Structures are given as C-alpha cells and as structure tokens.
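Open the model in your viewer and keep the selection tool at hand. The stops below say what to select next and what is there.

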Amino acid sequence: MPHELSLSLQAFPTVDKDKESLKYLISRINQQKGSFRNVTEQSLQEEIQAQEAGNSDTDNQDVVGTGEEVEDVKTKQEEVTKAREDIVKQIGQAYNESAQALDFVSLLLSKHAPAAAQTTLSSFLQQTLPLGSLGGEVIQALQVPELEKHNQEMVSIGWRMQSLNGTADSLLKSAARLEEEMGRETTYWNQVLAVKDEGWSLSRLPREKHTLGVRYGFAEAYADFRDRGLAALRRDADGNVSLDRGLRSSGDQTLRVRILQQGEPIASSTTGSEGISEDDSVTKEILRARNSIFDEELHHELHREARNLLNQGVRCSGGRVLIPYETDKQVEIDLVSLEDEDLEAPAGDSAIADAIALSLRVLLSQAHRQNLHRRSQIPPPLRENKPSRPTYALLKPVIEHLQHQFQVASLQDFLSGLHKSLSAASLPFSFNPPTPPHNFAALSTISDHPNGSVAETLLQSLTSPLHSTTTLHLPTSSTTAVIDIHTTLLPPHHSTTYTLTIRASSPSTTLAALPTSTHLTTLSAVTEHIIHILTLSILQHTVSMFPTWHAPSTIHGSTLSRTKEKSHLAEKASISLTGDGLSLKWWRGAGGDWRVVSWYAADGQGNDGGRGEKRRFDEVFKEEVD
C-alpha cells in the first residue's frame, strides 16, 4: 500500500493524583534531602551540574549521608507535635477559665450597667439568665466590742489548743498502737523463724500470695493427702502463730491397734502423741498435724488393701480393720481422735500392738520412698489408659509375721510337751529351738559397705518370705529330723508350709524307709507326722535295747512282738505317743490281759489322775514286759 498508517495500541499512562499532591512531594523531599534547612539554592545547583556532568554518585552519597539526619528529624518532629498539642490544650483551658471569669463579672455588672455588660456577656449566658439576676452591694462592717473580740480570740485559741491536744493524743495512741503492733510482729516472726530452724519447709500459699504457709505433709503421698499437707501460718490477736489447716482438716487423729479376745480389748498400742510434749508451741502443733495426716493416709491405704485379703480372714467393719490372730483373738486397727475419752489403754501387754503400729508406719514410709524412686526414673511411654494407683503391701507383711509367729510358737509348744513326756520316760529326745526368721546380727556389717543401707536391708528382710528351722534329735542313735517352716502370702500357698527331712543313721532302719522329705501344709499334719516318726524311733530304740523283740515290718505299725521258746505263745507290746504323754501297753499271751503304763508331760493329766509312771521306760520294759 502506498500510504501506511502506524497506530499504537498501548494505553496512555495514567497519572496518580496522590503522587502529585503537595503532601506527597514534601514527604519525598524529606526522605531524599532531609530537612528543608539542608536544601539551599547552591546545593541544588551543584546537584544539577553533577547530573549534567554524568556524576551519578552524588545522590547516593547524599542519601547515605543524610540517613541519620532523617531519623533525627523524625524524632524531633514527633517531639514538636507533642509539645504543640500540650500548648494547644493549655491555651484552651486558659481561654475557658478566662471566659467564665468574664461572664461572672459581666453578669455582676449587668444590674447597674446592663448595656455595657451585654456587650461582653456570652450568648449562652444571655439566653439562660436574665440581666441583673446577680448583684452586689458595699456594706459597712459591724463594730465589734473589744471584749467580744477578746472572747473570740480566746475561743479561737481554745479550739486550736483542743485540736493540738487531740492531735497529740492521737499521735501518742498511734505510737502505742504501733509499738504493740511491732511487738506482735516480732513475736510472729520469731516463731516463724523457730519453725524454719526446726527444718520445716515454708512457702507462700497458692491462692493467698501474701500469706505464709508451712508444708508438713509428704510429697510422695496420695494426691488428696499431699494437697492437705500445707497449712497457713496466721497471726492471732497476741501475735502468736496460729496454724490454719483449712476446712478439710478433721483434727488430730492417730492410728490405734488393739488386741481383742472374744470382742473385748486386752491390749492397745500407745497413741502417737505420747512422744510429743504438751506445750502450745507451733512446732509441736505442726508435728501433731504431720503425724495426724500420716495416720489418716495409713488408715486409708489399709482399707484399700484389706479388700484384697478376704482369703486371709481380713474384714472391714465401718472404720475398723479386723485381722485374725491366733485362735481366739483379733487385731483391730482403727483411726481415733486424740481428744476422745476412749483412749485409755487396757492393762494387758501392748508389745504386740505397738510392734504392729510401728511396722505399719515404717512400711508406709517405705512405700513413699519407693514412689520417690519410681518418680525419679525415666517415665514409661504414654498410654491411652492411665495406669491405676498400686495398692501398698502394708497388711501382708504383718499377717505373715503374726501367722509365722503363731505357727512356730504352736509347734514349739507341741515339741516341748513331747520332750517332757519322753524325758519322764528317760528316752533320749531333744530339739533345737526354732531359728528366728531374721538375722538382725548380720545388719551390723552392712553399714561397713559403701553401698549398703541398714534401713533398706531391714525392710527387705521384713517384707520377704519368712523361714525358720528346728532340728529334732530322735531316740534312735544319730538320727535327726529337720523341720523347715516357710510363711508367705504369695501364690500358690498363701499360708505356712512345712518341709520335714529325715536324716537316718543307717539305711537298714525303719526310719530310712520313710520319704526323705515330706511337704505338709497344716500344723495338725506336721504333729501327726512327728508323732509317727517318734513312735518308729522309739520302736527302733527298744529293739536295739532288747534284741528278742521284733519291730513291725511296715512303717505304719506301732506294735512289737516276739515268740517264746517254751510256750510258743506270741507276746505283744504296743507304744502309743500323743502330745500329752507316752503309753506302753503289753499282752502276756493266752488267758492274759493287757497292761498299760503311762508317762505324762505334766502332773494332772491322764485317766489315772496324772500320777504317771516314775520308772524309766527301759526299766519298765525290762521288768514288766521282757
């Protein structure tokens, strides 16, 4: 085409009116050049010449050089703006006060010169109040006589003196009150320091930041009892420290252990306050509070454990825990107040009750120590179900010791009766007393070890299964029987078990035919087995002393026999042994009758009036039987 037309499709640039405003241009000048004081005609000309010469570094140097000045200018601008606002505020306040004063004077003059006053009176006041509503007159002062002036001066002086005296009295009363307050404060803080010197932990109360408190509880106790172990140290009217335990406190209580026989108490443990003096010092009150909350937690934990010991005969009745003891007795554990009048201890021996109460407290302290050790370990992984709080083993060790002590004492009484019966017959029989379940003499060597702890070892021995041993020396020469007594409440036995081991001198004897070890679970079975072993041993002893007699061929027989050479008639002799005595019975053949001779453990036993035979067993057997 001969004629070409070029068209631009780009839109015309739009002009931002805000950037052309004076406010925007002034802010740009302040950012680039700083204050207008720094912008002069000479500096602008130099800048234009530098740009024409191609020196573009001038702008950068100016910008860098004036950066700090810009900040100073901004700070000064803020200060000037603030000062301006203060000046304007004060000017407005002065204007308002002067306008009110002018209105007052104009209204006062409006009664005498209304035209002149109306020119200066504000329009609001003209519309609100009429002219002349406020006026003033000059009056002459009354002539006061000299006597009245003197009286007025005296009255004024009197009032001033009365005011001064009242002020002095108030100051003296305030000084006296302040002195009394200082004395009460001194008394309070001296007692607080005495509490701190005793080793108690002091801190602020969580909900009363301005109140001082003492922590007498146990950090490892159950949460309910741990939270109650903080009491406020408040000041009473005399300045003494008053221990405020809060509304949840139930007073001073103690754990009581009583031994009941047929429902009547025969022994009782001593109360926890007998070792504490009866003075009213706050340290003793804190100590009683500590003992009380400890026994409350102990009573709570005993009830929790008692629910799991029904198989041992433990029962809960109201606030009491009943434990079977021996055959006709019970151990009663309850929580009583120290203010009760029913705290008189029976006249019986309270050694067992005191030992049980002390053991329970020691075991709870050990449980607290185990909680601390468990809490100091690395925590286990988190689970969805929160683990339940474990039940402390407090009653189990006590029941184990009571049961073991009763079983050992019953066995020892039975063996003592056998020993008296056989000693009356001059038969060789003896036994070693049962060994104690704990070797406390070995604890003295533990403290020498750097890692040893007497308390830990003692508690471990008290809570471990109990074991005692007694050895029987049978009438048969060099033959012994060892009885091991084990008591534990752990499965599968949950009671006392016995292991009887026979150590025969010769394998050809009747006792050698018995099982080497016999496991028994009841005391009656043990006594029957011991009587059976002693009967066989007496038979063996008799055969060894009188060779013409023959022992039974089985281990269950108790009759000796022999055949005479002349008459060829069988003669028999039977031995009967019980816990009360020994009897020898023999038969002299056809046409004869049975004769019996007995030896008793004590006088007054047996059907013959308890007289018993005074001769020895071997002598009677030789003279009457052989």
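Select helix α4, residues 67-109, and go to L109, which lies in this helix. Helices here are DSSP runs of H or I with at least four residues, strands are runs of E with at least two, and both are numbered from the N terminus. This is a predicted model, in which local features need pLDDT of at least 70 and side-chain atom pairs count only at pLDDT 80 or more, while totals for chains, interfaces and linings use all residues. Residues are numbered from 1 along each chain as its sequence is written, and side-chain values use heavy atoms, with hydrogens and water left out.

L109 is partly exposed, at a relative accessible area of 47%. Buried stands for under 20% relative accessible area, exposed for over 50%, and partly exposed for what lies in between (1.4 Å probe, protein chains only).

Next, select strands β7 (residues 315-317) and β8 (residues 320-325), which run antiparallel and are joined by three bridges. Strands count as paired if DSSP finds at least two bridges between them. R315 stands opposite L322 in β8. Two residues lie between the strands of this hairpin, where G318 takes a positive phi near 65°.

P324 faces Q330 in β9 as its opposite residue.

Move on to β11, residues 466-473, where six of the eight residues are buried. β10 (residues 430-431) pairs with β11 in the antiparallel sense over two bridges, and S430 has H473 as its bridge partner. To β12 (residues 480-488), also antiparallel, β11 is joined by eight bridges.

Last, select helix α14, residues 617-625, in which F617, D618, V620, F621, E624 and V625 are buried. They cover an arc of only 165° around the axis, so they sit on the same side of α14. The arc is taken from the directions from the helix axis to the C-beta atoms.
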